[in-house]
Structures are given as C-alpha cells and as structure tokens.
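Reader: I would like to go through this model with you, residue by residue. Could we begin as soon as it is in view?

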Amino acid sequence: MDKFQHYYSSLFSIFLLLLLLLGHVAFVSAALNLETIAFSKGFSPLFGETNIIPSSNDQSVQLHLNQYTGSGFKSSDLYNHGFFSAKIKLPSDYTAGIVVAFYTTNGDIFRKTHDELDFEFLGNIKGKAWRFQTNMYGNGSTSRGREERYYLWFDPSKEFHRYTILWTNQNIIFYIDDVPIREIVRNDAMGADFPSKPMGLYATIWDASDWATSGGKYRANYKYAPFVAEFTDLVLHGCTTDPLEEVVAASCNERDSQLVRADFANITPRQKSAMQRFRSKYMYYSYCYDTLRYPVPLPECVVDPIVRQRFKDTGRPKFDKHQHRRFKKIRGQVLGDRNYGNQEDV
Ligand SMILES: *[C@@H]1O[C@H](CO)[C@@H](O)[C@H](O)[C@H]1NC(C)=O
C-alpha cells in the first residue's frame, strides 16, 4: 500500500465510523425528533432513595425493590402537555406481585382533582406472557376508571423497549416502541375527564402482592430480590409550567400547537393498522366493552366491531372461565403515593 492509499483508507474508515455514529443519532431522532435528558437534570427521588441507582453517565437509572422498600422517581418539573418517554427493562425471573408503573400525574398538588395517565406492568410468573394496563383519569374522575389490559408480544425483561405517553390538548397516545397501542381522542362530552392540568412524569416499583398477579394469587417472593427495573434514554418534552399559576395556557399555546402537529401525534394509516392488530390480538380487557360496568360506553369510546366480537358484556374475551373465576375488585385502595381507585384485576 503506498502512502496515499493508506491515507485514503484511513480517511474512509473514519468516514464509516462517523456514518455509523450519525446513523445512530439519526435513528433516535427520526423516531422521536426529541432529545433525551440526563437523570439528575430532569428527575428527583419520590421514595426509597437508597434504592434509586443512577448510572455513572447519568443517562440511566435503576429502581430497586427489596424486602425493605420499593423506590420511585418523578420529574422535577410539571408539563402542560407533553411527550414522556423512556426505554425500560423490567425485572426478570419470578416477579409475581411486583408492579412497575410509568405514569404522569399531578396528584401531589391536586389531591381531589388530579389527572393521570398510566402504564402499569403487572408482575409475571416465569414462562407466561407479561401483562400490563393503561389508564386515564381527569379532574379526580376515580369513579370512572378507563383501564385497558393487554399482553405484551415480547419479554420486557430481556431488552429495553421504549414506552411513551403522548398528551396533547386534542389526543392521548400510548406507544410501545413505534406502535401506538391506544389513542384517546378528546371530545367535548368528556369534559374535565380529559387531563387538563400540568402533570409530571413518575416511575415506581413496589410490592402489590394483594392484587397484581392473578388477583393476589401469586405474591412477591423476596428470595428473588432485589427486583430491578431499569430506565434509560429518558425524554421529557413539553411546556414546563407552574401548576398554580393562573395563566398557565397562554405561555404554552405555541408549544401546544407544535405538539399537536408533530408526527408522533398524528397516527398514519399504517400505524393505525398496527394498532388495530395489536388491540385485536393482545387486549384482554377494555372498559369500552364492559357494558355491565358502563351500560352506556363513555363518550370517547370508539367500538371496533372486530374487537367487540371477541368480548362479551364484561369487556373480557369470550369463553374465558378462568379469568372470571379469578376476577377480583378492589376499590379505593391507596398504595404508596398512588390512589388505585376502582382498579380491578384478573
Ligand atoms: C373539577 O372538579 C371540581 C371538583 O369536583 C369541580 O369543582 C370543577 O368544576 C371541575 N373542573 C372542571 C373543569 O370541570
């Protein structure tokens, strides 16, 4: 190799390396078009501080649960609408009775009239598909739970997957990776049940042995402790606001309209069919199909005839005797800082 060839081949290697690096950055930003935030910059402890373990580069954090305590963090700011997202890896092996929650709320400030959007991962028995639920409350509407429950199509303890809660003034979308799994489109009839006050992002791990896994049939077993949930590439994108300020909306109007126009707030036909596929295959409970609970479906419900076919009046799949037998209802139970008003589990 002469000198020039060597020079060009090194140049080419550097070029390739750059391309790879750029490719990685471009991938993250194409999917989100948003920047991640360092843990200590965006978040503060909620409880169990000794069990909150940030990584040395501050891009990730582990939440541990042991026999003494669970743990949780919350965003230091509140956001008037936003895109809240993290890559999460759930604890592996035997995790019955353990709940990992990733949610937005303002319950610390508005105790009686809080808003809330939830992802809740319900512990697992090894070898079974993981289950999770999503929920929404607005202005303290705890008597009108809007939960949906689903199976995951992958093992969430094996790799990181991105979980996202998008909240605009017109819709709410729950994403897993690039798949929108639930969209709630605001309409006037919902009134204040649609979250409207600034919320923060929270993540917690705790022992919910009494109801999490098959209605308390399988309890947490601390032989497997510590249980570790890992969060990385956190995204907090929204209009930071003082929730007690009177003129909240004015300063956030511009950002609100940007958020409404963003790609991730507008589901493409292709994403819509992915969402329908997910819902018809993996959803096993929806309040929209539970006509015993809500004889008149709540105003945002769009009844999909394909999904409708799979459910009977209870909002659960037909012909599932086991789920019926284990059905258990717990009302107004306060667990940790969270009010699990009107929660049910099978
Ligand atoms: C929220 O709830 C409170 C208390 O029930 C009520 O006074 C208020 O009018 C509600 N807000 C809206 C926007 O409906």
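Reader: Leaving aside its neighbours within four places in sequence, which residues is Asp256 in contact with?
Author: This is a predicted model, and in it Asp256 belongs to helix α3, which covers residues 248-261. Once the neighbours within four places in sequence are left aside, the contacts of Asp256 are His81, Thr168, Asn169 and Cys239.

Reader: Is Asp256 buried, partly exposed or exposed?
Author: A residue counts as buried if 20 or more other C-beta atoms lie within 10 Å of its own, and as exposed if there are 12 or fewer. Because Asp256 has 18 other C-beta atoms within 10 Å, it is partly exposed.

Reader: At which residues does UniProt place the feature "active site"?
Author: The annotation comes from an unreviewed UniProt entry, and such annotations may be inferred rather than shown by experiment. With that caution, the record places the feature at Glu116 and Glu120.

Reader: Is Glu120 buried or exposed?
Author: Glu120 is found in strand β7, and, not counting residues up to four places away in sequence, it touches Val99, Ala101, Phe132 and Gln133. Because Glu120 has 23 C-beta neighbours inside 10 Å, it counts as buried.

Conventions. Residues numbered from 1 in each chain as written. Predicted model: local features only at pLDDT ≥ 70, side-chain atom pairs only at ≥ 80, totals over all residues. Helix = DSSP H or I, 4+ residues; strand = E, 2+ residues; numbered from the N terminus. Contact = placed C-beta atoms within 7 Å.
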